[in-house]
Each structure stands twice: as C-alpha cells, then as structure tokens.
Amino acid sequence: MSEQERGVSVLYQNEENLWTPDEFTERLKSVGRSFYHDKHPFHVAMHEGKLSREQIRGWVANRYYYQKSVPIKDAAILSNLPSRELRRQWIGRIIDHDGMHGGDGGIEAWLKLGEAVGLSREEVEQEVRVVPGVRFAVDAYVNFARTKPWIEAVASSLTELFSPDLISKRMKVLERLYPWIDKSGFDYFQNRLTQAPRDSDTALKLVIAYCQTPAKQRRAVAALRFKCDVLWAQLDAIEKAFPSKT
C-alpha cells in the first residue's frame with residue numbers, strides 16, 4: 001500500500017465515532033501526508049533544481065494571485081466569526097499579509113520576490129502571467145471561505161500545519177540550486193517560518209474545540225482536503241502553462 005493509500009485509509013476509519021483530540025489531530029495531519037502540494041511534480045522538480053528561469057518566474061507570478069487573495073479569504077472568515085474574541089484571534093492574519101504601511105506585509109514581500117527573480121513589479125501586480133486555472137482555483141477557495149460555516153473555513157487554513165517544513169526546504173533549495181535569484185527576495189519565506197506555526201496553532205485549537213460531533217469533524221477534514229486540492233490545482237495549471245523545455 002502506498003503512502004497516499006495509507007493516508008486515505010486512516011482518514012476514513014471509525015466513521016461513526018467521535019475522535020479524541022489526538023485522533024482528530026492525526027486525521028488532519030494525515031491529509032497533509034497524503035495530499036499536500038509538496039508532492040506535486042512541479043514542486044519536486046523545483047527542489048531538484050530542474051526548473052528553468054521561466055518556470056520559476058511563472059510560479060512566482062501566478063502564486064502572487066494566491067498571495068493577494070489570502071487576506072481577502074481571511075476577511076471573509078473574519079466576517080463570519082461569531083464573537084469579538086474569535087475575531088481578535090483572526091484579524092492578525094490580514095495584517096500579516098496586507099501590512100500596516102506601504103513597505104511591509106506578505107504581499108509586499110512577494111512582490112519583492114518577483115523582482116528578485118527578474119519580474120517587474122508592474123507585470124506581477126497586473127497579473128499578466130496569471131493563468132485561468134490558477135485564478136479559478138484561488139477564487140474557489142475565497143468563495144469557500146465566504147460561504148461555508150466558519151469552522152470549516154478555519155479548518156481549510158490548516159495547510160499551515162505543513163508549510164513550515166516546505167518553506168524551510170524551499171529557502172535552502174532556492175539559495176543553493178538557483179543562485180541567480182537575489183536573496184533579498186526571500187523575506188516572505190523567512191517571515192512565514194514564524195507566522196505559519198502561530199497561525200496553525202490558533203486554527204487547530206479552534207477546530208478541535210468547535211468540532212464536537214463526528215459530522216463536524218469529518219467536514220473539517222474534508223475542508224482541509226479541499227484546500228490541498230486548491231493548492232494542487234494551482235500547480236497543475238502552472239506546470240501546463242510553463243512546461244519544461246527538456
């Protein structure tokens with residue numbers, strides 16, 4: 001049985017029972033082990049140093065559409081949270097991405113990454129390289145956050161459980177295998193190494209606390225799987241739009 005098949009098997013054990021917090025956490029983490037986009041062929045090729053400059057630039061330009069949509073997604077979740085205490089916990093995510101001033105925040109850091117790989121700020125912001133598949137997947141994620149019960153939207157954000165390891169690896173790979181990239185563009189990744197664990201800890205605690213029926217727990221797992229599919233679909237679209245020349 002493959003790793004992915006084992007992950008699927010774990011997800012669907014004991015369908016009718018309420019999972020303990022530890023069991024629930026394990027089900028959520030098993031989604032990442034099976035479906036997170038670090039296993040996508042495009043990411044695998046990136047980490048093996050096989051992507052061309054055009055492919056790296058295509059990835060950065062398209063990923064910008066996701067980055068600029070993250071605070072919109074978080075604002076949608078914020079609008080559905082039922083108490084000020086919960087909203088206070090969530091609002092920092094918007095500030096992390098939008099920043100408080102013109103020169104800070106995750107979106108600004110991503111624009112600097114675009115410049116570091118040889119793109120102009122204007123072409124990234126104007127989304128001239130963004131392909132329809134990426135736009136469709138990201139818009140679907142924002143719509144999910146806007147329309148689904150808030151706890152499912154929160155659960156969908158738990159890909160942050162898996163991102164620090166990927167980001168740490170990515171920084172080392174980009175520096176070692178793509179020396180043409182200006183290291184000044186790596187601030188986004190450095191910042192997420194501390195932001196993502198903090199955010200995932202908050203979200204996981206909320207999901208564990210508020211999913212107190214078997215049905216809610218399963219829907220939370222499904223929401224996280226949906227988010228993994230969104231990330232995977234983006235890479236499918238990028239890989240097709242910016243194919244290898246070899």
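Select C228 first. In this predicted model, C228 has 0% relative accessibility and therefore counts as buried, the cut-off being under 20%. Is C228 in a disulfide, or in none? C228 is in none, and the nearest cysteine sulfur, that of C211, lies 16 Å away.

A disulfide needs the sulfur atoms within 2.5 Å. Searching the whole structure gives zero disulfides.

Next, select residues 84–98 and 187–210, which are helix α5 and helix α11. How do the two helices run relative to each other, parallel or antiparallel? Their axes come within 11 Å and cross at roughly 155°. Angles over 145 degrees count as roughly antiparallel, so α5 is roughly antiparallel to α11. The crossing of α5 past α11 is left-handed. Now show the side chains where the helices touch. On α5 the contact is made by L86, Q89, W90, R93, D96 and H97. On α11 it is made by Y188, R192, Q195, R198, D199, S200, T202, A203, L206 and Y210. Sorted by class, this contact of α5 with α11 has six nonpolar, five polar and five charged residues.

Stay by α11 and select F186, in the loop between α10 (163–177) and α11. F186 counts as buried, at 7% relative accessibility. Which residues does F186 contact, once neighbours within four places in sequence are left aside? They are L113, M171, L174, E175 and I181. For a distance check, pick the C-alpha atoms of F186 and M46: these residues are 140 apart along the chain, and the atoms are separated by 16 Å.

Move to helix α4, residues 53–80, and select Q55 within it. Is Q55 buried or exposed? With 5% relative accessibility, Q55 counts as buried. Not counting residues up to four places away in sequence, Q55 touches F42, K50, F242, P243 and S244. Display these side chains together with Q55 to view the contacts.

Then go to E127, in the loop between α7 (121–125) and α8 (132–147). Look at the backbone here. Most residues other than glycine have a negative phi. E127 is not a glycine, yet its phi is positive, at about 60°. E127 is also buried, with a relative accessible area of 14%.

The last stop is E16. Where is E16 placed? E16 sits in the loop between α1 (3–11) and α2 (21–35). The relative accessible area of E16 is 69%, and E16 is exposed. Leaving aside neighbours within four places in sequence, E16 is in contact with P214 and R218. To finish, draw a C-alpha to C-alpha distance from E16 to E48: the two are 32 residues apart in sequence and 42 Å apart in space.

Key. Residues numbered from 1 in each chain as written. Predicted model: local features only at pLDDT ≥ 70, side-chain atom pairs only at ≥ 80, totals over all residues. Heavy atoms only, no water. Axes fitted to C-alpha atoms, helices over the stretch in contact; angles between N-to-C directions. Helix = DSSP H or I, 4+ residues; strand = E, 2+ residues; numbered from the N terminus. Parallel < 35°, antiparallel > 145°, perpendicular 65-115°, else oblique. Left-handed = near helix turned anticlockwise from the far one by under 90°. Contact = heavy atoms within 4.5 Å. Nonpolar A, V, L, I, M, F, W, Y, C, P; charged D, E, K, R; others polar. Buried < 20%, exposed > 50% of the residue type's maximum accessible area, 1.4 Å probe, protein only.
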